[in-house]
Amino acid sequence: MYIAAPARLHSNSPLLSCMSERIQQLLKHIDFTALEEVRLRRGRPLLLDFGTQQQFITPAGRLCQQEGAGYVVTEADIERSLVLACGGSVYACQEQLRHGYVTVNGGNRIGITGSAVLENGEIRSLKEISGMSYRFARQVRGAADQIIDSVLRGGELHSTLIVSPPGCGKTTLLRDLARQISTRGYKSVIIDERSELAAMAGGVCGYDVGVRTDVLDACPKAAGMMMAVRSMSPQAVVTDEIGSEEDVEAIRSALRCGVCVIASAHAKSAAALYRTGGRELCALFDVFITLSKRRGSGTVEEVCSLDSLCACDGGEKKIC
């Protein structure tokens with residue numbers, strides 16, 4: 001199974017409007033159906049990532065494989081794109097920028113690279129922006145069809161960790177999993193630290209995450225999990241990209257309160273996470289799902305249990 005985007009993204013995509021007018025013009029005739037990412041790097045060719053292949057685009061707006069034929073991103077492209085991505089005020093986005101990203105409407109995240117400005121040893125902001133990564137978010141209904149029975153094995157909701165390297169569809173799968181457990185009667189709260197999972201705007205979810213799902217938007221994961229458990233009586237909390245010590249302690253506290261946790265984490269696989277210092281984190285979950293891009297973003301490589309990870313010391317045993 002792999003996540004394929006059934007709906008075409010048209011030229012009115014929120015992300016397209018966050019690129020310089022010159023780049024918008026270059027991309028206006030591109031079929032966005034399978035487009036996952038657009039990379040702007042100062043002084044380098046504009047790069048389009050379609051998941052299973054990467055292509056450049058000529059100054060005439062045609063896709064090509066030759067790096068030398070690609071349109072070269074200018075300093076003006078970067079500066080204008082940053083202003084547009086920040087809604088006209090880079091200053092207003094400093095808190096996000098110091099974490100290396102900006103989230104725009106539709107749950108789309110723009111990664112930012114540049115020179116870090118430090119204050120007391122901590123990153124205060126970024127300057128001399130050198131690159132921007134535009135990741136296209138999508139709702140893919142049915143993305144969780146293959147794994148929902150494992151999450152609800154034995155008629156009971158199990159704490160689940162979705163694992164993969166960056167860009168393999170974790171957030172898309174997590175979003176659909178939240179929707180599907182809602183349709184099966186479970187109350188949940190999404191802790192959406194980067195405003196990607198639910199794409200909340202004006203108090204309204206931009207994606208269908210289920211009628212029994214509440215959202216804490218732009219809220220730090222660890223604090224949000226505790227807020228949700230104390231105030232919303234959820235059966236599950238759902239969050240993306242866990243890994244800090246604070247996250248681990250918050251998950252442990254939620255589990256002690258009888259609340260399941262459904263989350264994602266970066267690693268090559270569940271086995272790799274377990275082997276490379278992640279045993280404490282893995283011990284908190286019952287089901288592990290490993291994704292890859294082998295057949296496109298969202299390819300489900302493994303579904304395994306905690307028992308199989310422990311028994312094989314990192315080897316996986318399929319349970320579905």
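First, a caveat: the model is predicted.

Let's start with the overall picture. The protein chain has 10 helices and 14 strands. Its radius of gyration is 20 Å, close to the 20 Å from the globule rule for 320 residues, so the chain is as compact as a globular protein of that length. Along the principal axes, the C-alpha trace spans about 55 × 40 × 40 Å.

Now burial and surface. Of the 320 residues, 52% count as buried.

What about contacts along the sequence? Residues 24 or more positions apart account for 61% of them.

On to the rings. How many aromatic pairs does the structure hold? Two. One joins phenylalanine 32 and phenylalanine 136. The geometry is edge-to-face, with 5.6 Å centre to centre and 85° between the planes. Where do these two sit? Phenylalanine 32 is in the loop between helix 1 (21-27) and strand 1 (37-41), and phenylalanine 136 is in the loop between strand 7 and helix 4 (148-151), so the pair ties together parts 104 residues apart in sequence. Phenylalanine 32 and phenylalanine 136 are buried.

The other pair is phenylalanine 285 with phenylalanine 288. Again edge-to-face: 6.5 Å centre to centre, 65° between the planes. Both phenylalanine 285 and phenylalanine 288 are buried.

Next, charges over rings. Arginine 109 places its charged end over the ring of tyrosine 101, 5.9 Å from the ring centre. Arginine 175 lies over the face of tyrosine 207, and here the distance to the ring centre is 4.0 Å.

Glutamate 128 has phi near 45°, a positive value in a residue other than glycine. Its place is in strand 7, residues 122-135. Is glutamate 128 buried or exposed? It counts as exposed, because its relative accessibility is 57% and the cut-off for exposed is over 50%.

Alanine 199 has a positive phi too, near 55°. This residue is in the loop between strand 9 (188-192) and strand 10 (213-217). Alanine 199 counts as buried, because its relative accessibility is 6% and buried means under 20%.

So, two positive phi values to keep in view: glutamate 128, exposed in its strand, and alanine 199, buried in its loop.

Notes. Residues numbered from 1 in each chain as written. Predicted model: local features only at pLDDT ≥ 70, side-chain atom pairs only at ≥ 80, totals over all residues. Heavy atoms only, no water. Helix = DSSP H or I, 4+ residues; strand = E, 2+ residues; numbered from the N terminus. Buried < 20%, exposed > 50% of the residue type's maximum accessible area, 1.4 Å probe, protein only. Phe/Tyr/Trp six-rings, centres within 6.5 Å; stacked < 30°, edge-to-face > 60°. Lys NZ or Arg CZ within 6 Å of the ring centre and 35° of its normal. Rg over C-alpha atoms; globule rule 2.2 N^0.38 Å. Contact = heavy atoms within 4.5 Å.
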